[in-house]
Amino acid sequence: MALRTAAFSLRRMMSTSAVRSAEMPLTFAAPNGVHYDRVNVRQIDVPSFSGAFGILPAHVPSLAVLKPGVITVYEESGDAKKFFVSSGSVTINEDGSCQILAEEAHPLADLDNAAAKQVLAEANAAVGAAKDDVERAEAQIAVEVGEALVAATA
């Protein structure tokens, strides 16, 4: 165990000791569009299954799976843009760049709380009407997304 901990610490130290850029180019895309294409940003806050975390320039290289929730992008101008994502991945590269690939991503300002509540109600009904484990699992995923959508638009 001590050897594994020492090896992890050494890898982390080595990855942060390299000369890294103070810039953080962000590429953020989903099937409905490209929200950022190698645009330098100050910070990105993301929801992941291992917990929500912030990304700053020179962040240690990482890979995380996004959970339903709100991504906040702090632009160089100081503006903060919020997007709802249903799922996806975030990759932080050795060169300081960051890619977010989302299954769905929409500006939070474009979403409506009443419509989000309707999505959640339909997903809950689908859980009750599921005929097998696959349908039930798909409906449960829709419930998780619906709950996060309602919370994001409240």
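This is a predicted model: local features need pLDDT of at least 70, side-chain atom pairs count only at pLDDT 80 or more; totals for chains, interfaces and linings use all residues.
Visitor: Which residues make the contact between helix 2 and helix 3?

Guide: On the helix 2 side, they include Ala116, Val119, Leu120, Ala123 and Val127. Helix 3 answers with residues including Ala139, Ala142, Val143, Leu149 and Val150.

Visitor: And what makes up that contact by class?

Guide: Sorted by class, it has 12 nonpolar, 5 polar and 3 charged residues. Gly counts as polar in this scheme, and Gly146 of helix 3 is one of the contact residues.

Visitor: What about the largest nonpolar core: which residues touch the most other members?

Guide: Leu26, Phe28, Ile44, Ile71, Cys98 and Ile100 do, out of 21 residues in that core. Strands 1, 2, 4, 5, 6, 7 and 8 each supply at least two of its residues, and strand 2 gives the most, with 4.

Visitor: What is Cys98 in contact with, beyond its neighbours within four places in sequence?

Guide: Quite a list: Met24, Pro25, Leu26, Thr27, Ile44, Ile55, Val90, Thr91, Ile92 and Asn93. Apart from this core lies another one of 11 residues, among them Phe84, Ala123, Val150 and Ala152. Ala123 and Val150 also turn up in the contact of helix 2 with helix 3.

Visitor: Why would such residues gather like that?

Guide: In soluble globular proteins, nonpolar side chains tend to be buried together.

Visitor: Now Asp37: why is it called exposed?

Guide: Its relative accessible area is 56%. The cut-off for exposed is over 50%, so Asp37 counts as exposed.

Visitor: Where is Asp37, and what is it in contact with?

Guide: Asp37 sits in strand 2. Setting aside its neighbours within four places in sequence, Asp37 is in contact with Leu26 and Thr27.

Visitor: How many helices and strands does the protein chain have?

Guide: There are 3 helices and 9 strands, running α-β-β-β-β-β-β-β-β-β-α-α from the N terminus. Of the chain's 154 residues, 33% count as buried.

Key: Residues are numbered from 1 along each chain as its sequence is written. Side-chain values use heavy atoms; hydrogens and water are left out. Contact means heavy atoms within 4.5 Å. A nonpolar core is a set of buried Ala, Val, Leu, Ile, Met, Phe, Trp, Tyr and Cys residues joined through side-chain atoms within 4.5 Å. Buried means under 20% relative accessible area, exposed over 50%, partly exposed in between (1.4 Å probe, protein chains only).
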